[in-house]
Amino acid sequence: MATKTKEPEAASERIPPMQRLLDNPFLLLFLGVTMPTVLYLMWGLMEITQIPIAE
Amino acid sequence: MSIAESHSGIIGGIAARFRTCPATGLQIDLAAERLIKANAVAAVVFLLVGGVFGLLVALTRWPAVHLLPADMFYLVLTAHGLDVLLLWILFFEMAVLYFASAVLLNCRLAAPRFAWLAFILMLVGGVLTNIAVLQGDSSVMFTSYVPMQASPNFYLGLILFAVGALIGCLVFLGTLVIAKEEKTYEGSIPLVTFGALTACIIAIFTIASGAIILIPTWLWSLGYISHIDTLMYKLIWWGMGHSSQQINVAAHVAVWYAIAAITVGAKPLSEKVSRTAFLMYILFLQLASAHHLLVEPGISAEWKVFNTSYAMYLAVLGSLIHGMTVPGAIEAAQRRNGFVNGAFEWLRKAPWGNPAFAGMFLSLVLFGFLGGISGVVLGTEQINILMHNTLYVPGHFHATVVAGTTLAFMALTYLVLPLIFQRKVILPGLAKWQPYLFAIGVSGISLFMMGAGTLGVSRRHWDITFSDAALSFDYPSAAFLMLGLNGLSAILAAVGGGLYIVITVGSLLFGEKVTADNVVEALGPMPTRKVSEAVKEYGNAGTFHLPGTYILVAVFFTAFVLYYFVNWKYVSDLWPMG
Amino acid sequence: MALTPPEAKIWWNEKVERGELVWIVIAFLWGLVMFFMMVYWHLEGQQNLSNEVYRISPEKFLAKTEKFTEQYKVREEAGIPVAKAPAGSDVYMLARLWEWWPILELEKGQTYRVHLSSVDWQHGFSLQPVNVNIQVHPGLEHVVTITPTQTGEFSVVCNEFCGVGHHTMIGRIHVVDK
């Protein structure tokens, strides 16, 4: 990279929270696995186990 | 400096052997390079095998040809799905993961021995499943819905393959950690690496779902478990089956950005917007596994509506954003390159003779117009009643996975050959036409299957004339025409695919060695940059007006809205039900 | 460049170009339209899949369907019984390798509760040429309320792969005027 950073050095300490989230692969991994596990798998399985038995 | 010259580098106290890439100046870990080569070669072999099976399927569907007998048709269809939908794609994705981590981050690959273990497990698993299918007692389709049973090795092979892919994902994550610790890059990872990370995260959920369902199913096939619930199987299986195709979406979008960067010098319009779009994928894309369960009994409409819409279409939002920012970045770059006249000079003067660029742009357009729109329409809860399990479904996913992912990966190959394999692409005159041939063929396959599906024709069906059935039924005659045209398109796609394989394998064997002197030329025709220094400036924040992209996006959006509501009209004509 | 780290260390605060922003807003709103379209159709639309479902053993569903067929059989067609139940009642159709059984005769404009299930593998209920497609599972009795609006001979094609005889699996529904 030719130019290093346009920001003053002091600003680098205050990286916005969203950028910090996007820079954290393991937090993203956690979110990316939890969301479908809860919303798709667990919610779905809960409904399947609650199907009533025919008379 | 000779490209073959390599040297040992000591980083973080651990020795790794690197060579310096003459085109980019990047340090390339030789272990990563070998793994990229191995995975890419395995991918292409399975593409060849699966592609031949695909051609046989299409020729059997073509009523006038009707090539194979019923049992062979179902066998070949099962093998086709496995080899191209899973093996070709995931092997290539492993190569993309290693490239996006070790190469782009200028870093050594984490635990290359584990990466080899991953490769071997995937290879053994893939071969084992193929053998099980070819032995004839596992013609259960790619989906293998219980209680239909395949031989135990069918499931075991898939499990081994999945474990291998999981290890590959962990190697990728490990490499990210090493690169950060050893400070091989500054600030955030590149956008392409971020796209690869998205693919990796989706892959981990995919593989976990696969393990949860395939291990008990394997035990069931061995007789240790007596019963697998059909609906639970389907729910969890699609957590793998559909999400695995979402890995592709994330991966090929990353590939679009990469090819645009290399061929025309495109930069993301906004890192923030493009990364947020990938975040939408990470959070919501996998919910769309529900697309396959919309006409299932026993799951509530609330679950269906929420999941099928990726939580209110937030993942679609991600795709719509990429659909604008990728052409937008290309337009901005081309304008910087000096093509500023009118709305479309940038597009007309794009390097259409470079197969990497042409393949990438065709992939973008076809994925959006054919695959994207049809996917959202197909995944609308009530509209799915019209389309579930008809040929519309394979029509849709041939637009996403073949015209989208496969074409993007083919396009990338034209850059991987000179950059990683260090070979010039042979037969450049033919290579130039390869993406177009393949794209036209696949578009035909996709459109004609969707057409037949709209007429109600069932997928996975050997004989749409029902000649052996006790009762008779005739699909509309237009459906027969569609399947004939589908067969012709498949032949065209097979020629395009065959050409790709000949060029790839031929370049590996006979391609001229790439050196520092000819590496730029080896990347194929590029636009002549009229303003070379301006390219280095960041194209963010309103500095560029993008009229061409806005027009393309407006056309796309109009098509989307119209097609969406046309299908609601079809739904409203159905018999009332509730 | 997308292949290198962002040039600015803090890129999150960079301004987003207006054209991009406009498209994001349009795309987001379009997503909401599509989402609420499905919800709206549940409230106002006529075509929604019922979720009245029971767990049932294949033997029990077979027995129920046989009893129903015996009670309402009016004739046979290609060796398959045709059942005509009173307008608006419960009717049964089972899927098995490789037939839909029995044949149903319904009246136009009447609403029926159609009980669907399989006694072996999964099958796909594809009513043609109307083009209604519903998945059929063994062990699950799905009660679909349906009102035919056309008369004529309709076919039930199996559109879930169910083995080597899959393409011969075809059933029949007749819709007649009152």
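**Close-up views of salt bridges and chain interfaces**

**B:E345 is a buried residue, with a relative accessibility of 4%.** Buried here stands for under 20% relative accessible area, exposed for over 50%, and partly exposed for values in between (1.4 Å probe, protein chains only). The model is predicted: local features need pLDDT of at least 70 and side-chain atom pairs count only at pLDDT 80 or more, while totals for chains, interfaces and linings use all residues. Residues are numbered from 1 along each chain as its sequence is written, chains are lettered from A and ligands numbered from 1 in the order in which they are written, and side-chain values use heavy atoms, with hydrogens and water left out. The side chain of B:E345 meets that of B:K349 in a salt bridge, at 3.2 Å from N to O. A salt bridge requires a side-chain nitrogen of Lys or Arg within 4 Å of a carboxyl oxygen of Asp or Glu. B:K349 is partly exposed, with 45% relative accessibility.

**B:E182 and B:R108 form a salt bridge in chain B.** Their closest N and O atoms are 3.0 Å apart. This pair links distant parts of the chain, 74 residues apart: B:E182 lies in the loop between α4 (152-181) and α5 (191-221), and B:R108 in the loop between α2 (70-103) and α3 (112-134). Helices (H or I, at least four residues) and strands (E, at least two) are DSSP runs, numbered from the N terminus. B:R108 is buried, at a relative accessible area of 12%. Side chains of opposite charge can pair when their charged atoms come close.

**C:R172 and C:E77 meet in a salt bridge in chain C.** The N to O distance is 3.9 Å. Distant parts of the chain are linked by this pair, with C:R172 in strand β12 (residues 170-176) and C:E77 in strand β2 (residues 73-77), 95 residues apart. Both residues are buried. Salt bridges that share partners join C:R75, C:E77, C:K84, C:E105, C:E107, C:E153 and C:R172 into one network.

**In the interface of chains C and B, 84 residues of chain C are in contact with 107 residues of chain B.** Contact means heavy atoms within 4.5 Å. About 8,500 Å² is buried between the two chains, and carbon and sulfur atoms give 68% of this area. C:W23, C:F161 and C:H167 supply 10% of the area that chain C buries against chain B, more than any other three residues. Buried area is the accessible area (1.4 Å probe) that two parts lose on being put together, summed over both. Three salt bridges cross this interface; C:E160 and B:R460 form a salt bridge at 3.7 Å from N to O.

**The interface of chains A and B involves 27 residues of chain A and 38 residues of chain B.** The area buried between them is about 2,700 Å², with 78% given by carbon and sulfur atoms. In chain A, the residues that lose the most area to chain B are A:L22, A:Y40 and A:I48, together 25% of what that side buries. Zero salt bridges are found across this interface. The side of chain A that touches chain B draws two or more residues from each of α1 (17-22) and α2 (25-49), and α2(A) gives the largest share, 19 residues. By class, this side has 18 nonpolar, five polar and four charged residues. Ala, Val, Leu, Ile, Met, Phe, Trp, Tyr, Cys and Pro count as nonpolar, Asp, Glu, Lys and Arg as charged, and the others, Gly among them, as polar.
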